[in-house]
Amino acid sequence: MRSGVKTDGHELSRQDKDNVAALLQIAKEAGAAEALYIDTNDVVVDDRVRLKCLVPLCRHYGDLVCPPNVPEPEEFRKYLKLYRFGLLVSTEYENPPKPKSLIDSEEISKEIRKKSVDLSDILLKLEGISLQKGYRFAAGFTGGSCRYCDNCVKTGGECKTPYRARPSMEAVGVDVVETLRNADMELEFPVGDKVQWWGLLLVD
């Protein structure tokens with residue numbers, strides 16, 4: 001587990017730095033594989049990330065916390081500038097040997113999806129604690145599509161888990177690979193011997 005506070009961008013108060021360290025520790029205790037501080041200036045937003053939701057068309061397009069139901073990259077860039085700092089958090093699943101049967105494959109997929117839900121749960125916990133610490137605009141962005149329901153009701157429907165569902169970084173145009181590089185972390189792409197889910201907590 002790596003954790004770090006590198007505050008060479010936005011100027012943080014001593015209290016902010018203490019809170020960053022505390023939140024990183026909480027993420028670790030909650031089961032995060034990695035937890036890192038990132039200056040919001042180092043979060044990379046690229047319109048081509050959002051384009052990949054359409055080309056090829058993602059089956060989750062139209063989900064309630066996926067495009068087109070979330071801020072577009074240009075809008076998200078404006079929000080990003082208003083935040084004091086961010087935390088990058090991950091969960092991971094070590095790939096087992098190649099599945100020998102369809103049942104094996106389904107079980108592996110189930111475990112990978114569980115790690116996605118675990119990430120969302122950790123982000124919700126960090127978001128709630130940030131609110132308690134007085135950061136009233138804290139907002140979490142998970143990795144990939146929302147996994148709290150097997151099937152989303154799609155655009156125009158009513159979310160079954162409105163207080164838990166969060167958009168992913170990719171949905172609002174964040175280039176996860178480049179953002180992680182700015183935090184001195186390399187993301188293996190394409191996926192190799194492990195699957196990593198990354199999320200972002202914006203704090204202010």
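Begin at the second largest pocket, whose lining comprises 10 nonpolar, four polar and eight charged residues. The model on screen is predicted.

**Stop 1: the second largest pocket**

Select Cys146, Cys149, Asp150, Asn151 and Cys152; of the 22 residues that line the second largest pocket, these lie nearest its centre. The space in this pocket comes to about 400 Å³.

**Stop 2: the largest pocket**

Now move to the largest pocket, with a volume of about 1100 Å³. To centre the view there, select Val49, Gly144, Glu170, Val176 and Phe189, the closest to the pocket centre among its 33 lining residues. Rolling a probe the size of a water molecule over the atoms shows where empty space is left.

Next, colour the lining of the largest pocket by residue class: 18 residues are nonpolar, six are polar and nine are charged.

Which elements each supply at least two residues of this lining? Select α2, α5 (176-182) and β5 (194-203) to see them. Of the elements, β5 gives the most, with five residues.

**Stop 3: Pro67**

Go to the loop between α2 (47-51) and α3 (73-80) and select Pro67, which lies in it. Is Pro67 buried or exposed? Its relative accessible area is 2%, and buried means under 20%, so Pro67 counts as buried.

What does Pro67 touch, leaving aside residues up to four places away in sequence? Show the side chains of Arg50, Cys53, Tyr61, Gly62 and Ala171; these are its contacts. For a distance to check in the viewer, pick the C-alpha atoms of Pro67 and Cys53: they are separated by 7.5 Å, and the two residues are 14 apart along the chain.

**Stop 4: the whole chain**

Zoom out and switch to a cartoon view. The protein chain has five helices and five strands. Trace the cartoon along the sequence and the order of elements reads β-α-β-α-α-β-α-β-α-β.

Now show the surface. The protein chain exposes about 11200 Å², and carbon and sulfur atoms supply 51% of that area.

Terms used: Residues are numbered from 1 along each chain as its sequence is written. This is a predicted model: local features need pLDDT of at least 70, side-chain atom pairs count only at pLDDT 80 or more; totals for chains, interfaces and linings use all residues. Side-chain values use heavy atoms; hydrogens and water are left out. Helices (H or I, at least four residues) and strands (E, at least two) are DSSP runs, numbered from the N terminus. Buried means under 20% relative accessible area, exposed over 50%, partly exposed in between (1.4 Å probe, protein chains only). Contact means heavy atoms within 4.5 Å. On a 1 Å grid over the protein atoms alone, a cavity is a set of points where a 1.4 Å probe fits but cannot get out, and a pocket is an open set with protein on both sides within 12 Å along at least five of seven lines; lining residues have an atom within 4 Å of a point. Grid points are joined across faces, edges and corners, and a volume is the space filled by probe spheres set on the points. Ala, Val, Leu, Ile, Met, Phe, Trp, Tyr, Cys and Pro count as nonpolar, Asp, Glu, Lys and Arg as charged, and the others, Gly among them, as polar. Accessible areas come from the Shrake-Rupley method with a 1.4 Å probe; for residues, only the protein chains shown count as cover.
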